[in-house]
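I opened a new page in my notebook today. Here is what I looked up, one entry at a time.

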Amino acid sequence: MTEASSSSPSGGRTIDARTASLSASFRDPSGFVFVKDGRLYRWIHESYADTYRHLRVSGLYDELVKRQLLIPHEEMPRNAAQSAGHYLTILPERIPFVSYPYEWCFSQLKAAAAATLEIQHLCLQHDMTLKDCSAYNMQFRAGKPVLIDTLSFDRYAEGRPWAAYRQFCQHFLAPLALMSYTDVRLNQLSRIYIDGCPLDLAAALLPLRTWLRMSVLLHIHVHAKSQRYFSTGVERHLGSEPKPGSSRRRMSRKALLGLIDQLMTAVQKFTWSPKGTQWADYYDETNYSDGAFEQKRETVRRLLERSAPGMVWDLGANTGLFSRIAGKLGRDTVAFDMDPAAVERNYLECLKRGETGILPLVMDLTNPSAGTGWENRERMSLAERGPAGTCLALALVHHLAISNNVPFDRIAAFFSTICRDLIIEFVPKSDSQVQRLLSAREDIFPGYARDVFETEFSRNFHMHETIELPESGRVIYSMTRKLGEA
Amino acid sequence: MPSGAIPFVAVAVLLPAAIPNQALAYIDPGAGSYMLQLLAAGAISALFAVKVFWGRIKAFFKGETDKEPEN
């Protein structure tokens, strides 16, 4: 993140937009985001003043905040000495953990899409419209998707189509259709295409039967062809320049509401059920007896209680059994797993239980989210979003060390960059889970042993506690990183 | 694909005035996306009207209070 150079968050003249703005907030001329003293502010340009005032005066802001669809903010007092073009600085409520669409499971993307459409619907009722529809503007706050870009609004001009329609289809509709009809893993296309999935690509990847579904036919297949047809500009195909004020060049408010309604119906009809998951039966197939498993839970709870404050990252969280322990302790918790089905189940479970402190996300730790976009800085890598106060790495190390051939020293080094405290489980080679991993391959891991594990992790961490779990041969360690001493 | 292009050729012939006003958005709305909305507006609007009307009929028979249309 880029630190702000301003001397005053209320718009002091030393704010320099080129250096102060966060790397993801440079596209919109209406303002930018900057960080000062660990707080995140949004600087609003005077050209946006009328629109901002309408957002407040029309009641839209209050309505959206009441419905938990827009991040609430506080207006900072204005200074006498304002920087050029400055209108207002606001202090939005901070999101505990910024996540990206390619890290969301199916139902999270669906919820974010539905929330976006609900916002647009409310906008139209207040003579406003969403001027952009980036999925990156939606974040999960207390378990619900919320719009974090307070400058995403524009005044609605009667007769004008929705400027963000293309972006909505590329950021939400196409990925949802692909996840629902083709393969849930195609959400990863969002990693490559920062402005959403190209519609011609989505159309090519969708099965033929989607031509029979009206919403997909119109908003993806025909939309893709329309984009291609008009790619060289409208005038070339249709002739003369448009004449301002022509009554035939309009999209009525009713049609716009119909479009939003149609898109909402399309989003709600997309379904995906995790039919089988790599880890679905994991808890049933471990070497734990009921008593030993209960002791593991109790051990994790006790260690979490005395661990470093801040967020908990549960690495390899599966369906979130241990994340829930952290959540119940009041810790903001991110539950990472590489399996979209496990994350889906975890998310649905969180909704069912009303657990708002847990954010399940799809993350492959052997290839964690990288910095992407302009200068590789628009979207943060996983490490940039840390370090977490505490990482849980339970029943994980053998997958990294044996399935992925990552040596202990590298695992320890990586973990020391993403957390201060670490609660980690060592699974011995004699464990059936490890034996299963070795069953189809040569054992080239003579160094996979408890003493080597302890030696390597001791280079990066101070070890506090070692708890041997009965009947399983597994060991849980509580550690604090040495890197954090600096 | 000639058959796929037919609707667009028809549109080009029948609706030469359906060229949008300049979109004053900082993101590119996309000419094709913009045009598609204009061209489909009539049908979308009609379908929406039918849906709202049908909703009212269902509400009437269910004995629910008539709700204000969503516009």
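The entries below go from the ground rules to single residues.

**Entry 1: ground rules.** I am working with a predicted model, in which local features need pLDDT of at least 70, side-chain atom pairs count only at pLDDT 80 or more, and totals for chains, interfaces and linings use all residues. Residues are numbered from 1 along each chain as its sequence is written, while chains are lettered from A and ligands numbered from 1 in the order in which they are written.

**Entry 2: confidence.** I began with pLDDT, the predictor's confidence in each residue, from 0 to 100. The average for chain A is 89, and 87% of its residues score at least 70. Residues 1-19 of chain A are below 50, and this stretch has 50 contacts in the model beyond near neighbours in sequence. I noted that two residues are in contact if their C-beta atoms, placed from the backbone, lie within 7 Å. Residues 241-247 of chain A also stay under 50, with 7 contacts beyond four places in sequence.

**Entry 3: the two chains.** I counted helices (DSSP runs of H or I, at least four residues) and strands (runs of E, at least two), both numbered from the N terminus. Chain A has 17 helices and 15 strands, and chain B has 2 helices and 0 strands. Next I checked burial: a residue is buried if 20 or more other C-beta atoms lie within 10 Å of its own, exposed if 12 or fewer, and partly exposed in between, with C-beta atoms placed from the backbone. Of the 486 residues in chain A, 46% are buried; for the 71 residues of chain B the figure is 23%. In chain A, 69% of the contacts between residues at least 6 apart in sequence join residues at least 24 apart.

**Entry 4: domains.** How is chain A divided? I found domain 1 (17-49 + 72-92), domain 2 (101-230 + 250-269) and domain 3 (282-485). These bounds come from an automatic or database domain assignment. The C-alpha centres of domain 1 and domain 3 of chain A lie 38 Å apart.

**Entry 5: paired strands.** I looked for pairs, meaning two strands with at least two bridges between them in DSSP. Strand β1 (residues 31-36) and strand β2 (residues 39-45) of chain A run antiparallel, joined by 6 bridges. A:Gly31 has A:Ile44 in β2(A) as its bridge partner. The hairpin of β1(A) and β2(A) has 2 residues between the strands, and A:Asp37 takes a positive phi near 50° there. β2(A) is also joined by 4 bridges to strand β4 (residues 86-92) of chain A, again antiparallel. Here A:Arg42 has A:Ile90 in β4(A) as its bridge partner.

**Entry 6: the core.** I then searched for a nonpolar core, a set of buried Ala, Val, Leu, Ile, Met, Phe, Trp, Tyr and Cys residues joined through C-beta atoms within 7 Å. The largest one has 141 residues, and A:Leu173, A:Ala177, A:Ile220, A:Trp313, A:Cys391 and A:Ala393 touch the most other members. Helix α5 (residues 165-181) of chain A gives the largest share, 10 residues. I followed A:Cys391: leaving out residues up to four places away in sequence, A:Cys391 touches A:Trp313, A:Leu315, A:Phe415, A:Ile418, A:Cys419 and A:Leu422.

**Entry 7: A:Leu400.** A:Leu400 sits in helix α14 (residues 397-403) of chain A. A:Leu400 counts as buried because it has 21 C-beta neighbours inside 10 Å. Beyond four places in sequence, A:Leu400 is in contact with A:Leu365, A:Thr366, A:Val406 and A:Ile411.

Entry 8: Most residues other than glycine have a negative phi, and most peptide bonds are trans. I found a cis peptide bond between A:Gly386 and A:Pro387, with omega about 0°. A:Asn376 has a positive phi near 60° but counts as exposed, with 12 C-beta neighbours inside 10 Å.
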